[in-house]
Amino acid sequence: QVQLVESGGGLAQPGGSLRLSCAASGSFFSISRMAWYRHAPGKERELVAFIHSGGSTYYADSVKGRFTISRDNAKNTVYLQMNSLKSEDTAVYYCNARIRFDTVNEYDYWGQGAQVTVSS
């Protein structure tokens with residue numbers, strides 16, 4: 001049974017910082033891609049950033065230069081450092097991991113979600 005457990009998030013003022021963490025546990029071969037999505041009320045779910053096992057990254061234009069995604073492969077953990085936060089960053093943030101069970105089969109798993117609220 002694979003589980004993704006998120007931590008971090010909370011309330012920050014505009015211009016402030018928060019850090020999200022997501023740890024994967026269970027029995028699997030490896031994790032290829034780890035990502036963060038967010039879902040704000042009344043909006044579509046948005047891919048925020050992802051990082052491949054080799055370290056290559058992608059960022060949405062809306063967070064580029066402010067957010068940094070990183071991962072610790074030994075700990076099966078992905079992080080999202082969020083700086084210069086804006087009110088429009090307010091959303092529930094979900095961790096996503098593409099888990100490989102062998103050389104052929106891989107599936108997406110999701111964390112439970114972490115609320116991030118940016119408000120003065």
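Buried means under 20% relative accessible area, exposed means over 50%, and partly exposed lies in between, using a 1.4 Å probe and protein chains only. Y107 falls in the middle class, partly exposed at 44%. Keep those cut-offs at hand for the tour.

This is a predicted model, where local features need pLDDT of at least 70, side-chain atom pairs count only at pLDDT 80 or more, and totals for chains, interfaces and linings use all residues. Residues are numbered from 1 along each chain as its sequence is written, and side-chain values use heavy atoms, with hydrogens and water left out.

**Stop 1: the aromatic rings**

Show Phe, Tyr and Trp side chains. Rings (the six-membered one for Trp) pair if their centres lie within 6.5 Å; planes under 30 degrees apart count as stacked, over 60 as edge-to-face, the rest as tilted. The whole structure holds four aromatic pairs. Select F50 and Y58: this pair is stacked, with 5.2 Å centre to centre and 20 degrees between the planes. F50 is buried at 17% relative accessibility. Y58 is partly exposed at 36%.

Now select F101 and Y107. Their ring centres are 6.0 Å apart and their planes stand at 50 degrees, so this pair is tilted. F101 is partly exposed, at 32% relative accessibility.

**Stop 2: a charge over a ring**

Select R45 and Y37. The charged end of R45 sits over the ring of Y37, 5.0 Å from its centre. The test asks for NZ of Lys or CZ of Arg within 6 Å of the ring centre and within 35 degrees of the ring normal.

**Stop 3: V2**

Go to V2, in the segment before β1 (3–8). Strands are DSSP runs (E, at least two residues) and helices are runs of H or I (at least four), numbered from the N terminus. V2 is buried, with a relative accessible area of 10%. Select G26 as well: 24 residues separate V2 and G26 in sequence, yet their C-alpha atoms are 4.5 Å apart. Contact means heavy atoms within 4.5 Å. Beyond neighbours within four places in sequence, V2 contacts S25, G26, S27, F28, I99, F101 and Y109.

**Stop 4: the nonpolar core**

A nonpolar core is a set of buried Ala, Val, Leu, Ile, Met, Phe, Trp, Tyr and Cys residues joined through side-chain atoms within 4.5 Å. The largest has 32 residues, and W36, L80, M82 and Y93 have the most contacts inside it. β9 (91–100) is among the elements giving two or more residues to this core. β9 gives the most, with five residues. Centre on Y93: leaving out residues up to four places away in sequence, its contacts include W36, L80, M82 and E6.

**Stop 5**

Two strands pair if DSSP finds at least two bridges between them. Colour four strands in the order β1-β3-β8-β7: they form an open sheet with antiparallel pairing. β1 and β7 are the edge strands, each pairing on one side only. Zoom in on β1 and β3, joined by six bridges. E6 stands opposite C22 in β3.

**Stop 6: N83**

Finish at N83, in the loop between β8 and β9. N83 is partly exposed at 30% relative accessibility. Its C-alpha lies 9.5 Å from that of P14, 69 residues away along the chain. Setting aside neighbours within four places in sequence, N83 contacts G16, S17, R66 and F67.
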